[in-house]
Amino acid sequence: MSPPIQSRRLTLHDVQLDVYEQGQGRPIFVLHGEDGPYPQAPFSALLANQGRVILPTHPGFGHAPDMADIDTVDDLAYLYLDLLDEYDLRDAVVIGCSLGGWIAAEMAVKSTARLSRLVLVAPLGIKVGDRETRDIPDIFALPPEEVARLQYHDPAQAALDYTGLSDDELLVIARNREATALYAWEPYFHNPKLRQRLHRIAIPTLLIWGASDRFVTPGYYGAAYRDAIPGAQLAVIDRAGHWPHVEQPEVFVERVGAFLAST
Amino acid sequence: MRAWHFSENAYHLLPDAKEYDSIRVTLPNRYYDPKIGADLYHRFIDEWLIAEELGLDIMVNEHHQTATNLNPGGPIVMGILARETKTARLLILGNPIANRREPVRVAEEMAMVDVYSRGRLEVGFVRGVPYEMSAGNHRPTRMMERFWEAYDLILKAWTSHDGPFNWEGKYFHHRQVNIWPRPYQEPHPPVWITALSPGSAQAVGERGTIVACFLTGFDGSKQVFDAYRTRRAELGLPPAGLDRFAYAALVYTGETDEEGYAGARKLMWYVEANKVPFQFTSPPGYHPPQAMAGAMKGPASGVFKMFQNPQLESFMEHGLVFAGNPDSVYRQIIKFYEHVGGFGHILLMGQAGFLDHQETVKGMKLFAREVYPRLKELHPAVAA
C-alpha cells in the first residue's frame with residue numbers, strides 16, 4: 001500500500017504553486033522534468049515509502065497557472081528555496097530529473113543550508129562542448145519519434161500515440177511542452193555560468209544516468225557533471241534511457257535508498 | 001479600395017519534394033544557385049516597378065531560411081524600391097518585431113526608407129510565422145508580450161524629437177534612444193499589423209492601426225474584422241474606416257476564366273510547396289495549448305485541412321483565391337467584400353512558383369486595367 005497523495009495550491013510571495021505530497025519522514029523534494037509531474041508514477045510511490053515526497057509543479061506545467069514573472073530556471077531555483085523556507089525543511093533530499101536536475105543544481109549552488117543530499121537524474125543545465133557542439137539534441141527541431149528514440153531505452157514507452165487520451169490529458173501535454181520552451185529555449189537547456197559554479201555544491205551528490213540515454217550520454221555529459229561537483233558519484237542504470245526513474249523505477253529507488261543510507 | 005502587388009520572391013527550382021523533409025528551416029542552401037537567384041531578384045524588382053507603372057501600390061514581406069521567400073531582409077529591398085519608384089506607396093508587411101532583437105534598429109531602418117521615398121512608406125509589423133522560431137532561435141512563448149513592447153518602443157523612437165529617452169522594459173533595454181533620421185511622415189508612417197485570429201485582432205483594434213489578414217477566407221477574415229470593430233466599440237473608440245482593413249489573397253486575372261484559373265493554379269505552388277514537418281509548424285507556445293491539444297487529436301479540420309491538400313476549386317470557394325476573367329475576379333472580390341463588412345486594401349499575391357515574368361505581368365495588367373478601376377470606386381460608395 002502506498003501512502004495517500006495530497007495536493008494543494010499555495011501562494012508564495014505572490015506566486016501560485018501546486019504541490020503534491022506523499023508519505024512521511026525525511027523530506028524528499030522531487031523536481032520533475034520536461035514531461036511534467038506524475039505523482040501517480042511508480043517511482044514516486046516507492047520513494048514515498050522512504051520519506052515525505054514533496055513534488056511541486058513548475059509554473060505553467062500540468063494544471064499549474066502560468067506566472068508572469070516566472071520565466072527562467074533561475075526564478076524556479078529561488079522559488080523552491082523559498083518553498084523550503086516556507087515548509088521549514090531541514091536536511092532535505094533534493095531529486096531533480098532532466099530539467100528538474102538543472103533546477104536542483106541551480107538551487108544547490110545558491111544555498112545548501114536546508115539540504116543534506118542531492119540526486120541529479122540525467123540533469124541538463126551545463127555547457128560542455130565548444131560553441132559548435134550541440135551538447136543537447138534540439139528537441140524543438142526534431143520529429144517527436146526521433147526525440148523518443150534518443151530519450152528512451154524502449155521508445156515504445158514514450159506514448160506518442162495520442163488516441164484514447166482525454167482532452168485534458170492532451171492539454172497537459174501541450175502545456176508541458178510550452179512551459180519547457182519558456183524555461184529552456186535560450187540558452188538551450190543550460191545556463192552558461194552554471195558549470196563554473198558547481199564547485200560550490202558541498203553536500204553528497206549522486207548522479208544517476210540511464211545507460212541507453214542517447215539524449216545526453218553518461219560518458220560525455222554525465223562525466224562532465226560529475227567532474228564539476230566535488231566528490232560526486234555517477235551511477236549508471238542498465239536498460240534505461242533519459243528517464244531511468246520511469247523505465248527502471250525499482251532499481252532507481254534502490255540506488256537512491258542506498259545513497260541516502262550511506263554517510 | 002487600394003490594390004497592392006505582392007510577391008514572395010520564391011526560389012522555385014527545387015528537387016522533388018520527396019528528396020527533402022522541409023522546404024523551411026533545414027533545406028540545405030546548396031540547392032540555391034546565386035546566379036539564378038540574382039536573375040530572380042532583378043526580375044521581381046522589375047515586376048514591382050511595372051506594378052507602379054500600372055497604378056498599383058507595392059508590398060514586400062520577409063521570411064527566413066526558406067525557399068518560399070528569398071527576402072530575409074525586407075528593409076533592404078524596400079531601400080531599393082524607395083529609390084527606384086516615384087509614386088507608389090511602399091508597404092513592408094512586415095517587420096517580424098517579436099523576433100528582431102533590436103526594435104530601435106527597426107525604427108531606424110524604417111525611418112531611412114521613409115525619408116528615401118519622401119514619405120511613401122507604410123510599415124507593417126508581424127509576429128513571424130511558426131517556422132521562423134527555429135530559424136532565428138526565437139522563443140515561441142510569450143511572443144505577443146515581446147511584440148507589443150517592441151511596437152511601443154518603435155513608435156516612441158519615431159515620435160520623440162527632443163533628445164534621448166530611456167527604455168528599460170521586460171525585453172528591451174536602452175538608455176539613449178534618439179534615432180537619426182526621423183521619419184519623413186508626421187507623426188510617423190501608417191502602421192499595419194497582421195492578425196489571423198479574433199484574439200489578436202482585438203489587440204490591433206485597440207490601437208487602431210490597419211489590420212491585415214492573409215488567406216483567412218470568408219469566415220476567418222470576417223471574424224478578424226468583426227473582432228477589431230467590436231473591440232473598438234467596447235472601448236468607446238471611434239469606429240474604424242474601411243481603410244483600416246486589408247485582405248491578402250492569391251489573385252490571377254486572365255482574358256478568360258480558363259486563363260485566370262491556369263494562372264491561379266501556378267500561384268497555388270505557394271501552398272503546395274509548403275512542405276513543413278510538425279516540429280516546425282507547431283513550436284511549443286506559438287499556438288495556444290488548447291489549439292495544440294486539438295491538433296494532437298488528429299487531422300486538422302476546416303480551412304486548415306484545405307492547406308493539406310490544396311485544390312484551386314476549394315481555395316476559390318473559400319475566398320483564398322480570386323481568379324478568372326476580369327468580371328469574374330471583380331465579382332469574387334465584391335462577394336468577399338460584402339461578406340466581411342468591407343475592406344479598404346487588397347493585397348494581391350500575383351507571383352509564385354512557376355508563373356513566369358510574362359504571365360505575371362499579364363495578370364497584373366488585366367487586373368490593373370479591367371478590375372481595379374471598378375474597385376477604386378467601391379470605397380467611397382460604401383463609406384457614404
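**Exercise: exposure of single residues**

Determine whether Ala203(B) is buried, partly exposed or exposed from the other C-beta atoms within 10 Å.

*Solution.* Ala203(B) has 18 other C-beta atoms within 10 Å and is therefore partly exposed. The cut-offs are as follows: a residue is buried if 20 or more other C-beta atoms lie within 10 Å of its own, exposed if 12 or fewer, and partly exposed in between, with C-beta atoms placed from the backbone. The model is predicted; local features require pLDDT of at least 70 and side-chain atom pairs pLDDT 80 or more, whereas totals for chains, interfaces and linings use all residues. Residues are numbered from 1 along each chain as its sequence is written, and chains are lettered from A and ligands numbered from 1 in the order in which they are written.

Ala203(B) belongs to helix H6 (residues 198-207) of chain B; helices (H or I, at least four residues) and strands (E, at least two) are DSSP runs numbered from the N terminus. The C-alpha atom of Ala203(B) is 38 Å from that of Arg43(B), the two residues being 160 residues apart along the chain.

Which residues does Met306(B) touch, not counting residues up to four places away in sequence?

*Solution.* Met306(B) sits in helix H12 (residues 302-308) of chain B. Because 19 C-beta neighbours are inside 10 Å, Met306(B) counts as partly exposed. With the stated exclusion, Met306(B) touches Ser314(B), Phe315(B) and His318(B), contact being defined by C-beta atoms, placed from the backbone, that lie within 7 Å. A separation of 17 Å is found between the C-alpha atoms of Met306(B) and Ser282(B), which are 24 residues apart along the chain.

**Exercise: the buried residues of a helix**

Which residues of helix H4 (residues 144-151) of chain A are buried?

*Solution.* The buried residues of H4(A) are Val147(A), Ala148(A), Leu150(A) and Gln151(A). Viewed down the axis of H4(A), they fall within an arc of 165 degrees and so line one face of the helix; the arc is that of the directions from the helix axis to the C-beta atoms.

**Exercise: helix packing in chain B**

Two packed helices are described by the angle between their axes and the distance between the axes. Describe how helix H3 (residues 103-116) and helix H5 (residues 143-159) of chain B pack.

*Solution.* The axes of H3(B) and H5(B) come within 9 Å and cross at roughly 45 degrees. Axes are lines fitted to C-alpha atoms, for helices over the stretch in contact, and angles run from 0 to 180 degrees between N-to-C directions.

The handedness follows. H3(B) and H5(B) cross in a right-handed sense; a crossing is left-handed if the near helix is turned anticlockwise from the far one by less than a right angle, and right-handed if clockwise.

The contact comes last. Pro103(B), Val104(B), Val106(B), Ala107(B) and Ala111(B) of H3(B) meet Ala150(B), Leu153(B), Ile154(B), Ala157(B) and Trp158(B) of H5(B). The residues of this contact comprise 10 nonpolar, no polar and no charged, where Ala, Val, Leu, Ile, Met, Phe, Trp, Tyr, Cys and Pro count as nonpolar, Asp, Glu, Lys and Arg as charged, and the others, Gly among them, as polar.

**Exercise: packing between the chains**

How many residues does the contact take from chain A and from chain B?

*Solution.* The contact takes 18 residues from chain A and 18 residues from chain B. On the side of chain A that touches chain B there are 12 nonpolar, one polar and five charged residues.

Helix H5 (residues 167-184) of chain A packs on helix H11 (residues 289-296) of chain B at an angle of about 120 degrees, the axes being 8 Å apart. H5(A) and H11(B) are therefore oblique to each other. The crossing of H5(A) with H11(B) is right-handed. H5(A) contributes residues including Leu170(A), Ala174(A) and Glu178(A), and H11(B) residues including Met292(B) and Met296(B). By class, this contact has eight nonpolar, one polar and three charged residues.

**Exercise: backbone exceptions**

Most residues other than glycine have a negative phi, and most peptide bonds are trans. State what phi value His13(A) has and where the residue lies.

*Solution.* Phi of His13(A) is near 50 degrees, a positive value in a residue other than glycine. His13(A) is in the loop between strand S1 (5-12) and strand S2 (15-22) of chain A. His13(A) counts as exposed because 10 C-beta neighbours are inside 10 Å.

Which residues does the cis peptide bond with omega of about -5 degrees join?

*Solution.* This bond joins Trp180(B) and Pro181(B). Pro181(B) is in the loop between strand S6 (173-177) and strand S7 (191-194) of chain B. The peptide bond from Glu186(B) to Pro187(B) is also cis, with omega near -5 degrees, and Pro187(B) lies in the loop between S6 and S7 of chain B.

Note on methods: Two residues are in contact if their C-beta atoms, placed from the backbone, lie within 7 Å. Angles under 35 degrees count as roughly parallel, over 145 as roughly antiparallel, 65 to 115 as roughly perpendicular and the rest as oblique.
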